[in-house]
Amino acid sequence: MAASGKKKIYLSPPHLGEAELKYVQDAFSTNWIAPLGPHVEGFEREVEQFVGARAAVALSSGTAALHLALRYLNVGPGDTVFCSTLTFVASANPILYVGAKPVFIDSEPETWNMSPFALERALAEAKSRGNLPKAVIVVHLYGQSADLDPLVQLCEAYGVPLIEDAAESIGATYKGRSSGTFGQFGLFSFNGNKIITTSGGGMLVSDNVEAIDKIRFWATQARDPAKHYQHSEIGYNYRLSNVLAAIGRGQLTVLNERITARRSIFEAYQETFGEVPGIVFMPEFPSSRGNRWLTAITIDPEITGVTVAEVLNRLEQEDIEARPIWKPMHLQPLFQDCEYYTHDEGESISDRLFENGICLPSGSNMTGEDLARVVHVIEKCLKKVVQI
Ligand SMILES: *Cc1c(COP(=O)(O)O)cnc(C)c1O
């Protein structure tokens, strides 16, 4: 039993049902527990269809997907890769795996995602120094698409491949097109806390069928086509198993429902706190539609008289899990020597979002009662100072 005597409310717990069980039962009854099998292929084709990509490869994680995309783009020692700073560390770690160096790019206030202004300055400077990056990794934070048009245009103008880290944004759209299909590569994650999950897993998508075939080959231990085991390149054990792909196929059938549920949770929070001075909800950029994986807000302590730390503490006392917004990569000890480009010279947007940002419980299986409990705790924090 939780300390408050009440049921624990999690930030984003898995949400599985009958459809998943049906696919998993099939994997069991056909004894297809060996890693590869028909559900892996089925899952790949269904994700291709869902997002509108020509090719997809199912992998053991989103991190593995990004690692192999970087390898395909020939990123190595001495190279740089530009990456959104406001993200989870898995967006940047694969840059280190291949021996390259990340350069971090700030957010813009309109989307909280990569700032085209910062990217433009970074690209212009890199060009003048003669060391353009080997790739740009754009993250779609908390299920909300970045403003892709100017970012894509900049990458094209400078001839730098774009990778979309869509780990959090499957099912989100930008101008009607799926998140993850604008760059040379897009990756999704099916980790346990994401909007749909296979307990662990990922997918790399692209319109470059050859690239995905090559990556599938590397991910399957790079076996040369021979009866005996023969290898001429370094391979990885990065494929998704048939059982996990079975869960993924089931989850994909309910993805639209999950998005509807998460969006209505966001709206419920917004109805309660949307008008409170000093509280800002993560914006939904015009002509984009987020999956609202997590409801993220900022709380200005000067206006509300309440800090995010206080709200987090009060929620924790009531056995409610909430989290600060990701700590930007340029502030991480791991990346202390890396370059960083801000949105405006002298003003870092991501620092401010991190200072005042909080992610609220957003699970698609949250009940109305759960939601009321969360809202009540936050109201109590705010009532100290403002009338709502
Ligand atoms: C979850 C996540 C990843 C990593 O995905 P895994 O499947 O856990 O390896 C990468 N980038 C972002 C932004 C994420 O949120």
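In which sense, left-handed or right-handed, does α2 pass α8? In this predicted model, the crossing of α2 over α8 is left-handed. The two elements, helix α2 with residues 38-51 and helix α8 with residues 242-253, pack at an angle of about 35 degrees, and their axes lie 8 Å apart. On the side of α2, the contact involves P38, H39, V40, G42, F43, E46, V47 and F50. On the side of α8, N242, A245, A246, G248, R249 and L252 take part. Sorted by class, the residues of this contact comprise eight nonpolar, four polar and two charged.

A second helix pair was examined in the same terms. Two packed helices are described by the angle between their axes and the distance between the axes. For helix α3 (residues 62-72) and helix α7 (residues 209-219), the angle is about 120 degrees and the axes are 10 Å apart. The crossing of α3 past α7 is right-handed. Helix α3 contributes L68, A69, R71 and Y72 to the contact, while α7 contributes A211, K214, I215, W218 and A219. Seven nonpolar and two charged residues make up this contact of α3 with α7, with no polar residue.

The chain as a whole contains 13 helices and 15 strands. Its radius of gyration is 21 Å, which agrees with the value near 21 Å for a compact globule because that is what would apply to 388 residues. Along the principal axes, the C-alpha atoms fill a box of roughly 75 × 60 × 35 Å. Buried residues account for 57% of the 388 in the chain. Considering contacts between residues at least 6 apart in sequence, 72% join residues at least 24 apart.

Backbone geometry was considered at two loop positions. Most residues other than glycine have a negative phi, and most peptide bonds are trans. W112 is not a glycine, yet its phi is positive, at about 65 degrees. This residue, W112, is placed in the loop between β3 (101-105) and α5 (116-129). W112 counts as buried because its relative accessibility is 3%, and buried means under 20%. K175, also a residue other than glycine, has a positive phi near 50 degrees. The loop that holds K175 runs between β6 (173-174) and β7 (177-178).

P13 lies in the segment before α1 (18-29). With a relative accessibility of 21%, P13 counts as partly exposed. When residues up to four places away in sequence are not counted, P13 touches G192, R262, G363 and N365. From P13 to A219 the separation is 206 residues in sequence and 29 Å in space, C-alpha to C-alpha. A219 is also one of the residues of α7 in the contact with α3.

R314 belongs to helix α11, which spans residues 308-317. The relative accessible area of R314 is 29%, and R314 is therefore partly exposed. Apart from neighbours within four places in sequence, R314 is in contact with V377, K380 and C381. R314 and V205 are 109 residues apart along the chain, and their C-alpha atoms are separated by 41 Å.

Definitions and conventions: Residues are numbered from 1 along each chain as its sequence is written. This is a predicted model: local features need pLDDT of at least 70, side-chain atom pairs count only at pLDDT 80 or more; totals for chains, interfaces and linings use all residues. Side-chain values use heavy atoms; hydrogens and water are left out. Axes are lines fitted to C-alpha atoms, for helices over the stretch in contact, and angles run from 0 to 180 degrees between N-to-C directions. Helices (H or I, at least four residues) and strands (E, at least two) are DSSP runs, numbered from the N terminus. A crossing is left-handed if the near helix is turned anticlockwise from the far one by less than a right angle, and right-handed if clockwise. Contact means heavy atoms within 4.5 Å. Ala, Val, Leu, Ile, Met, Phe, Trp, Tyr, Cys and Pro count as nonpolar, Asp, Glu, Lys and Arg as charged, and the others, Gly among them, as polar. The radius of gyration is taken over C-alpha atoms; the globule rule is 2.2 Å times the number of residues to the power 0.38. Buried means under 20% relative accessible area, exposed over 50%, partly exposed in between (1.4 Å probe, protein chains only).
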